[in-house]
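Here are some comments on the model, for checking against the coordinates.

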Amino acid sequence: VRGDRELCENKVCKLLGISELNFADDALIATSNAVPGYTGPIGLNAKVVVDNEVLNMKNFCCGANKEEYHYINANVKDIKYDIAGDIVNVQEGDTCPTCGGKAKRETNTMPQWGGSCWYYLRYLDPNNDKEFASKNAVDYWMPVDLYVGGAEHAVLHLLYARFWHKVLFDLGLVNTKEPFQRLVNQGLITSFAFQRKNKTLVPTDCVEEKDGKFFEKGTDEELERVIAKMSKSLKNVVNPDDVIKEFGADSVRMYEMFMGPLEISKPWSTQGLIGVNRFLEKIWAVSEKPLVDEEPTGEIRKILHKTIKKVTEDTSSLNFNTAISAMMIFINDVSKLDKIPKSLWTDFVKMLSVYAPHLGEELWEKLGFGDSAKPEGTIAYEKWPEYNEEYCKDNECTIMVSINGKMRDKFIVPMNTPNAEL
């Protein structure tokens with residue numbers, strides 16, 4: 001019967017409220033500190049003695065209802081089949097050897113990692129009932145451009161997926177030796193915790209602040225504020241649902257990207273989140289200014305193209321925090337204008353929508369480009385803005401004058417000024 005030992009073990013543990021059962025030969029024997037005196041066969045009619053009461057666990061493995069299908073081990077080499085699905089069909093004369101009920105052959109013998117090791121290949125061609133993915137689909141989509149995952153996946157999914165992929169490559173079923181071209185391990189979002197002198201940590205609800213210092217309630221021991229993983233036991237977990245409810249999903253999303261480089265761990269700060277929320281409010285305030293059907297010129301045009309270039313490059317390299325900084329600088333400059341060129345604002349909204357999609361859709365609709373509720377009206381399918389390298393070049397530069405290691409003066413000159421003239 002399917003997983004009889006494991007299934008029986010789990011059900012016995014759940015029924016009796018114990019944590020562990022040990023197997024010995026063909027008998028199921030409870031640990032001495034769990035159910036003393038228990039011994040009996042696996043499966044049907046096993047008896048368990050608990051506090052001198054006998055529990056009859058008849059049909060414990062497969063259930064008493066003989067009308068239900070039960071699973072039996074499949075001797076695959078004796079089965080003729082065309083596709084994998086045929087194996088699980090009910091075979092004539094198959095019955096559960098324990099209860100005599102109807103049976104299906106058991107073919108689910110892989111661990112759960114078996115499916116996750118190659119799911120990215122099945123996504124390429126999910127409706128193909130002849131093969132896991134056609135050669136055309138594999139050649140078009142593979143290999144995966146970017147794998148973003150926590151470091152804990154290095155010896156779990158990532159390693160196993162590479163093993164499986166190499167086997168499939170040796171069989172000629174995929175077109176690359178490696179499944180993933182680039183790997184990025186993102187850092188954790190940590191939180192503040194409080195530490196005693198002996199380096200043990202104190203839950204945040206047992207801490208009080210006095211004059212900028214932190215003390216443990218009850219002992220008045222002064223504590224050091226440190227950075228640690230979020231933990232239920234330390235009561236320092238930040239619930240995203242609560243934060244989103246107060247500040248909105250766009251603010252939380254953008255703040256997480258603004259906290260610092262993707263690969264490093266960063267401590268959560270609600271004050272930082274408030275700053276990003278104010279930035280988005282400022283964007284909305286700028287959108288209330290009159291729009292004009294004029295192309296940007298002069299300095300504001302250079303600012304636009306520099307911003308497009310910076311956001312494009314930093315987004316591509318996953319440097320989201322510096323891309324957001326560039327957009328903040330852009331908004332500070334644009335907010336000084338009385339009227340905003342529509343084409344300039346359109347390009348900015350396209351960039352913003354990647355980082356704040358909800359606000360981006362609202363601003364896109366506000367620009368008059370359609371109803372975001374309809375597929376043809378959403379900004380998600382718009383082409384990314386392009387920059388002109390000529391407009392990204394500076395015409396002037398600042399020269400610093402230093403004498404004996406100390407800055408004495410600075411002045412602005414045109415670019416490429418000859419040394420003699422300087």
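The points below run from the whole chain to single residues.

1. This is a predicted model, and the remarks should be read with that in mind. The chain contains twelve helices and 18 strands. Of its 422 residues, 35% are buried.

2. Among contacts with a separation of 6 or more, 55% join residues 24 or more positions apart. The accessible surface of the chain is about 26,500 Å², and carbon and sulfur atoms contribute 51% of that surface.

3. A nonpolar patch on the surface is formed by Val 155, Leu 156, Tyr 160, Phe 163 and Trp 164. Together these residues have about 450 Å² of accessible area. Trp 164 belongs to helix α5, which covers residues 157-170. With a relative accessible area of 30%, Trp 164 is classed as partly exposed, because that class lies between the limits of 20% and 50%.

4. Helix α5 also holds His 157. Is His 157 buried or exposed? His 157 is buried, because its relative accessibility is 6% and the limit for that class is under 20%. The side chain of His 157 makes a polar contact of 3.0 Å with the side chain of Tyr 147.

5. Strands β17 (residues 396-403) and β18 (residues 406-414) are paired antiparallel, with eight bridges. Glu 396 has Pro 414 in β18 as its bridge partner. Two residues lie between the strands of this hairpin, and Asn 404 adopts a positive phi near 55° there.

Note on methods. Residues numbered from 1 in each chain as written. Predicted model: local features only at pLDDT ≥ 70, side-chain atom pairs only at ≥ 80, totals over all residues. Heavy atoms only, no water. Patch = residues over 30% accessible without salt bridge, like charges linked within 9 Å, V, L, I, M, F, W, Y side chains within 5 Å. Areas by Shrake-Rupley, 256 points an atom, 1.4 Å probe, with all protein chains shown as cover. Salt bridge = Lys/Arg side-chain N within 4 Å of Asp/Glu carboxyl O. Helix = DSSP H or I, 4+ residues; strand = E, 2+ residues; numbered from the N terminus. Buried < 20%, exposed > 50% of the residue type's maximum accessible area, 1.4 Å probe, protein only. Polar contact = N/O pair within 3.5 Å; in protein donor to acceptor, adjacent residues only side chain to side chain. Pairing = 2+ DSSP bridges. Contact = heavy atoms within 4.5 Å.
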